[in-house]
Amino acid sequence: MEREEKIDLTRRLIAHVDNRTTDYADGLMRVPFSVFNDPELAAKERAVVRRFPHIVAHVDELAEPGDFLTTELIGTPLLVVRQNDGGVRAFSNVCRHRGARVEFEQSGCKRVFACKYHNWSYGRDGALRGMPHADGFEELDRGDHGLVEFPCEVRHGLIWVVPTAGAGLDIAAVLGPKHDAEVIDTGIGASYQVRKETWRLAMNWKIAVDGVQDAYHLCQLHTKTVCHFLEGNVSTFDRVDRSWRLVVARKTIAEVRDADPDSFDVRDYSLANYTVYPGTMMVTEPQHFEIWTIVPDAEDPNVSHCTIRLLAPRKPETEREQRILDKSWDLLMETLHAEDWFVSGTITANAAGGQVEELVYGRNELPGQVFHTMVAADVAALDHETAGPVAAAR
């Protein structure tokens, strides 16, 4: 982070602490309750979400050539493979012969991937390598029948995939030069993955994303946990197109009120959340990083999937270092399961029978307003895009 940016960010946060303010939206925003459980809308949102990048792995998970993992991203089966040249590529885990799954293992290391159905085989690069009784397919162009490839990029020690063939992918451009440089400066690219866990949540994906973007609730809901460390309803918000940086002040920030700007790092006195739309959050804290990936379920609008990775600046070398990381994870789990997801999970049930037609997002809930506006605009654009060819045909 550039010196002037550190000074400006510190001043903004301390001013908000002093004035009990935050970065505000222009006005209130009202969101129909139906957006959280409408099956037709959910299908359109899935189509939108598939056009954007999501984190599928940390580089530690694919350390050597041939290392692979399989996963599913919004209903799209993926096979992600470390290449011989050190790069990483992502493919559809679907055989080009009769559509069976190619790889059933969750992870491993292989030179060739073979479909169990008819033993069509593919190399690490996704190219079709062999097929039994090839004389039955003399007219087939093997070069056109490799595994379908998806855009894939390694950035900040994380493996990003867009589950739409041919889509663009440039994480540095998405973050913007300033925020991308800040993420680099945190050292996250050289981080060590301490642990990873995925949950199936009984809530719409937008509810789950809302919770990670909301600084308003920190000292309302989390009175026994994170409110001891963070200022509630005190944050800065800086947007770059489809990404943004949300910074929440830690209670210790008052300690540097009159300090020499060169004597401290504002990141030690705050929590920064770099969000990549629609559902990826890179959270930087003084002693660790959290990587959140939230996506909608492939079928049910009342279900979402959340993966959280806990990363350390380096592999813990002592029991004390490991205990500190374990304590951070335990606090996060307590906050999520006993507080965040326990309360926000009731929104889904209330959407169906709570007799409430709309939700209100206050001026102090700026990230939520930006997020919901963006999703609604993308769905509208998709509708327009879909309606265009139909109208032209008439």
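1. Does Cys152 count as buried, exposed or partly exposed? Cys152 counts as partly exposed, at 22% relative accessibility. Here buried means under 20% relative accessible area, exposed means over 50%, and partly exposed lies in between, with a 1.4 Å probe and protein chains only.

2. A word on the basis. This is a predicted model, in which local features need pLDDT of at least 70 and side-chain atom pairs count only at pLDDT 80 or more, while totals for chains, interfaces and linings use all residues. Residues are numbered from 1 along each chain as its sequence is written, and side-chain values use heavy atoms, with hydrogens and water left out.

3. Now the cysteines. A disulfide is a pair of cysteine sulfur atoms within 2.5 Å. By this rule the count is one disulfide. Cys219 and Cys227 form it, with their sulfur atoms 2.1 Å apart. The link of Cys219 and Cys227 is right-handed, with 105 degrees about the S-S bond. Both Cys219 and Cys227 are buried.

4. Cys109 is in no disulfide. The nearest cysteine sulfur to Cys109 is that of Cys152, 17 Å away. Cys109 is partly exposed, with a relative accessible area of 47%. Cys152 is in no disulfide either; its nearest cysteine sulfur is that of Cys109.

5. Strands (E, at least two residues) are DSSP runs, numbered from the N terminus. Two strands pair if DSSP finds at least two bridges between them. Strands of a sheet pair through backbone hydrogen bonds, either parallel or antiparallel. Five strands form an open sheet in the order E6-E3-E4-E5-E10, and the pairing is antiparallel. E6 (107-109) and E10 (149-150) stand at the edges, each with a single partner strand, so one side of each has no neighbour in the sheet. Inside this order, E3 (residues 67-73) and E4 (residues 76-82) pair in the antiparallel sense over six bridges. Thr70 has Leu79 in E4 as its bridge partner.

6. A further open sheet has three strands, in the order E2-E12-E11, with antiparallel pairing. Its edges are E2 (54-58) and E11 (152-155); each has a single partner strand, so one side of each is left without a neighbour in the sheet. Neighbouring strands of this sheet are turned by 30 degrees against each other on average, direction ignored. That angle is taken between axes, which are lines fitted to C-alpha atoms, and angles run from 0 to 180 degrees between N-to-C directions. E11 and E12 (residues 158-161) pair over four bridges. Cys152 stands opposite Val161 in E12.

7. Then Thr280. Thr280 is found in strand E17 (residues 280-284). Thr280 counts as buried, at 0% relative accessibility. Contact means heavy atoms within 4.5 Å. Leaving aside neighbours within four places in sequence, Thr280 is in contact with Pro53, His54, Ile55, Trp160, Tyr274, Thr275 and Trp292.

8. Last, a pocket. On a 1 Å grid over the protein atoms alone, a pocket is an open set of points where a 1.4 Å probe fits, with protein on both sides within 12 Å along at least five of seven lines; lining residues have an atom within 4 Å of a point. The second largest pocket has a volume of about 670 Å³, the space filled by probe spheres set on the points. Of the 30 residues that line this pocket, the closest to its centre are Thr70, Thr71, Glu72, Leu73 and Thr198. E3 gives the most to the lining, with five residues.
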